[in-house]
Every structure is written in structure tokens, then in C-alpha cells.
Amino acid sequence: MKLIYLALIAAFVINLGATLDPHEHNKVVCYWNSTSYQRSGPGQVKLEDVSQALGFCTHLIYGFAGVDPVSFEAISLNPTLDTGAGHAFFRLVPQFKRNYPDLKVLLSIGGNADPYEETHKYLVLTETPEARTKFINSVVRLLSEYDFDGVDLAWQFPTVKVKKDSGALKKFWHGVKKVFGYGKFKDEKEEEHRTGFTNLVRDLKTQLRPKNKALTLTILPHVNASVYYEARLLAPNIEAVHLLAFDQNTPERNAKEADYTAPIYESYGRVPDDNVDASVRYWLEHGTPGGKVVVGIPTFARTWKLTSDSQISGVPPIVTDGPGLQGPLTETPGILSYGEVCARLTESAVGRVRPVKDPSKKYGSYAYQSYNPDTQVDGIWISYDDTDTAGNKASYAKAKGLGGIAIWDLSTDDYRGTCSGEKFPLVRAAKFKL
Ligand SMILES: *[C@@H]1O[C@H](CO)[C@@H](O)[C@H](O)[C@H]1NC(C)=O
Ligand SMILES: *[C@@H]1O[C@H](CO)[C@@H](O)[C@H](O)[C@H]1NC(C)=O
């Protein structure tokens, strides 16, 4: 009798836990990189543009705040936009909740927006209780001052170095590397930092819980989760972990060879743990409830330059020579927004590229234009998620009983609706498969 009673209570408690998250399996987490407001001309993304996506998002993550290297407090990285008289996005963005009462608005810290030269502070902060307390108090203050519903820690841990591929890909490898962030830095205190971060999350959540504020994690590309994240100990103190399982290849890390940047599964001969499914499995196998694991979907494409050395088939892996030319909106070599890619898919487009779909639903789409031997004009190779592959990732999340999807970010989806007439086609496509 007593046992039955206990079992009933347990069932009730578990149920209660589940009902606390109304979006346990259909989270659509939308990041907005607010620096996109400072792009020029039609590349500028305004609050009015962002608001057009919010009917599809359950969470809006405002990016990005940073960390003060001396005081270890969370600070605005862009006071003109965040707190300045003209914009004051810290104040305005949480006010989207007036029109979208169910929307949760979180402030993200890190996200690779903090200058690379200073990223060591993300490790030093975890080392002492004093530094952690300063950070925690500053976060609690920021959230209540600006009415955010929570904080997202997109912690700038050291990233793994570029791996030399083996077997099938060896002959393409030219060994060219560029120094990034921590550069050649080797973290000799990995365990200390891992434990420090776990404690930071625990103590931060202790402060946030009574205030009913959320705490989420964003795992940045190339951060080795098994080194820095004690999933099992983190799980009770977080609402979700957003896995940015993309940028597996980038024109900076892999200048001489392009490949799929955000596959769901490993393809033949590739590095086995560089895909969505491998990241997801790490968190699930280490005790994270499925409903807290969220799959990141990039709305931006990575591009490489094709030259006379590149295979004309377009099939990856393909020989390349660094980043492809910049696009008119994002104005960044090696990157195109989804809107910029799809503008080049139509028959009549200037700089038309040929799309190659992925019927296997495993690896993602690509598009390319080969080097032109007659005019000697370089070509371009583009790895990207389109509406089909974004939908596939959402279907994957659903099939595995995960928490949903995270769109990185609104500013590189087609916010103007030039692809198909509908604004934010990738957000929509993914949302409708959940
Ligand atoms: C945010 O957008 C700006 C402007 O396009 C870009 O320079 C920056 O790299 C983006 N930041 C992140 C973290 O994606
Ligand atoms: C991540 O770290 C683990 C050890 O903690 C190691 O076995 C694994 O190879 C690393 N993964 C990568 C991609 O470097």
C-alpha cells in the first residue's frame, strides 16, 4: 500500500516536472544577432523585421552580451545598441512579450561575439568562487533590470584544433591552418574549468530559480563537450542545451577543402564525431532528458572559392582556395545568408549557382558554380541548410523525442521574404516539422 502511494506521488511529481515546460518537445529557439542592425542598406535587420518571425518562435535569444575581463561582470558588448538612448534593445526586446505573451526572451552571453583575444577570461572566471559570484550577481541584476526571462550561457571555451583527415580524404589535405581565438593554447586545467563551470551553473540557477528565470546553455561549434560540460550534473540546473552542431568545416579552418558544414549523420570517410547526431548522443547518453536537448540549425551558408584546381563535378570534399566572395547583405567573405543563396538559385540570377539536393536527408544541400576556364573567373561552393534540410533536422529532433530546434540566427534567414515571398522561410519550414 505504502509503495503504491509512493509510486503515485512519484508519478505526480514527474508529471508536474513535465508540465512545467509547455514546450517540452516543440521549442523553436530563435537567436537574434543584434549587430545585424548595424549592417548597411537592405542588410540591416530591425526590430520590425525580427517581430515578423516571432509568431513561429517559442524563445527569442538576444545576442550577445560579454564578460568584463577585470570585474568578471556580464556587460553589454555594444552599449550603443543595447543600452544607448537611441536603441536600448536590452529594454525594447523583452517588450516583444506584450504582443507575444507566451514568448520567452533570454539574454545570451558569449556566442563568439566577445573578442577572441580576450577569451581566456571565460576560463579564469570559472576558477574562483569570488569571480563566479561577481558574474552571477551581475547576471541577476541585468535580467531583472531589463525584464529578460532568463540567461543563455554561450560560453567561449577553447575549441578543438583542425583535425587532419584520414583515409579517403587524405590526398586533399594541404595542412593549412590559421590561428584562432585561443590559438595554440592548450588548456592544462581542463578539469578545474569543467568543475568550475558546473559550479557556476549550479550557483547561478540557485539565484535564478526563486525569481523564475530560465538558464540555458549554448554549445558553440568545435567546443569538445566531453571536456567542458558535465552533462549529468548540469541537467537539473538548466532548461535546455542548444547544440550548435554546425561549422564542421569552415573556409577559415579548412581553406583548401570544402565539405558539408552541418550534416546530421557522418558521411563516408569523414571525422566520425562531427555531426548533429554525435552531439545529440553525447548529451542523451550522459543523462540529459531528451526534452532539454535542442538541435541548432544554421541559417547562414559557408562558401569557398573554386579554382582551376577544383574538381568540376562539385561533389564534396572538393579542392578549394579559401573563402568565397562576400554577399551584398552580409558583406562577409566565406558567408552568405539563406536569402543571398536563394537569390542565386534562379535561372536568370547573376552569379547563378547550381543546387544539389540531399535525398538521403543526412548530409545537407550544397550549390556551386565551377571555375570558368574561358573567362578564368573563379567559382564558388556553398554548403547550406535549405527549407528541406532545416525541416529534416526538425523531423530528426521530433523522432528522437528532443526538445526542439534552435535557429542561428534570424539575421541570416530570408528576413525580407525575397526567396518565396514568405519571410523567414527556414524558421517556418523547421517549425512545421516539429
Ligand atoms: C553578427 O552580425 C554581424 C554583422 O553582420 C557580424 O559581423 C558578426 O560576425 C555576427 N556575429 C555572430 C556571433 O554571428
Ligand atoms: C574530446 O575529448 C575527449 C576526451 O575527453 C577525446 O576522447 C575526444 O577525442 C575529443 N574529441 C575531439 C573532437 O577532439
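The legends below describe close-up views of a predicted model.

**View 1. Surroundings of ligand 1.** Asn 33, Thr 35, Arg 39 and Gly 111 surround ligand 1. The side chain of Asn 33 places an N or O atom 2.4 Å from an oxygen atom of the ligand, and for the side chain of Arg 39 the corresponding distance to a ligand oxygen atom is 3.0 Å. The shell around ligand 1 consists of three polar residues and one charged residue, with no nonpolar residue.

**View 2. The largest nonpolar core.** This core contains 110 residues, and those touching the most other members are Leu 60, Leu 153, Tyr 229 and Trp 283. Helix H6 (residues 129-146) supplies the largest share of the core, namely eight residues. Beyond its neighbours within four places in sequence, Leu 153 contacts Ile 109, Phe 135, Phe 197, Val 201, Leu 204, Leu 215, Thr 216, Leu 217 and Thr 218. Another core, of eight residues, lies apart from the largest one and includes Trp 304, Leu 306, Tyr 368 and Trp 381.

**View 3. Thr 288 and its contacts.** Thr 288 is located in the loop between helix H10 (276-285) and strand S9 (293-298). With a relative accessible area of 5%, Thr 288 is buried, because a residue counts as buried under 20%. A polar atom of the Thr 288 side chain lies 2.8 Å from the backbone oxygen of Trp 283. When residues up to four places away in sequence are not counted, Thr 288 touches Ala 231, Ala 235, Val 241, Trp 283 and Val 293.

**View 4. Two cis peptide bonds.** The peptide bond from Gly 63 to Phe 64 is cis, and its omega is near -5°. Phe 64 belongs to strand S2 (residues 59-67). A cis peptide bond also leads from Trp 408 to Asp 409, with omega near -10°. Asp 409 lies in the loop between strand S16 (404-408) and helix H13 (425-431).

View 5. Asp 247, a residue other than glycine, has a positive phi near 65°. Asp 247 occupies the loop between strand S7 (240-243) and strand S8 (257-258), and is buried at a relative accessible area of 10%. Lys 361 is likewise not a glycine, yet its phi is positive at about 60°. The loop between strand S13 (354-356) and strand S14 (365-369) holds Lys 361, which counts as exposed at 52% relative accessibility.

Technical notes: Residues are numbered from 1 along each chain as its sequence is written. Chains are lettered from A and ligands numbered from 1 in the order in which they are written. This is a predicted model: local features need pLDDT of at least 70, side-chain atom pairs count only at pLDDT 80 or more; totals for chains, interfaces and linings use all residues. Side-chain values use heavy atoms; hydrogens and water are left out. Helices (H or I, at least four residues) and strands (E, at least two) are DSSP runs, numbered from the N terminus. Buried means under 20% relative accessible area, exposed over 50%, partly exposed in between (1.4 Å probe, protein chains only). A polar contact is a pair of N or O atoms within 3.5 Å; within protein, one must be able to donate a hydrogen and the other to accept it, and residues adjacent in sequence count only if both atoms are side-chain atoms. Contact means heavy atoms within 4.5 Å. A residue is near a molecule or strand if one of its heavy atoms lies within 4 Å of it. Ala, Val, Leu, Ile, Met, Phe, Trp, Tyr, Cys and Pro count as nonpolar, Asp, Glu, Lys and Arg as charged, and the others, Gly among them, as polar. A nonpolar core is a set of buried Ala, Val, Leu, Ile, Met, Phe, Trp, Tyr and Cys residues joined through side-chain atoms within 4.5 Å.
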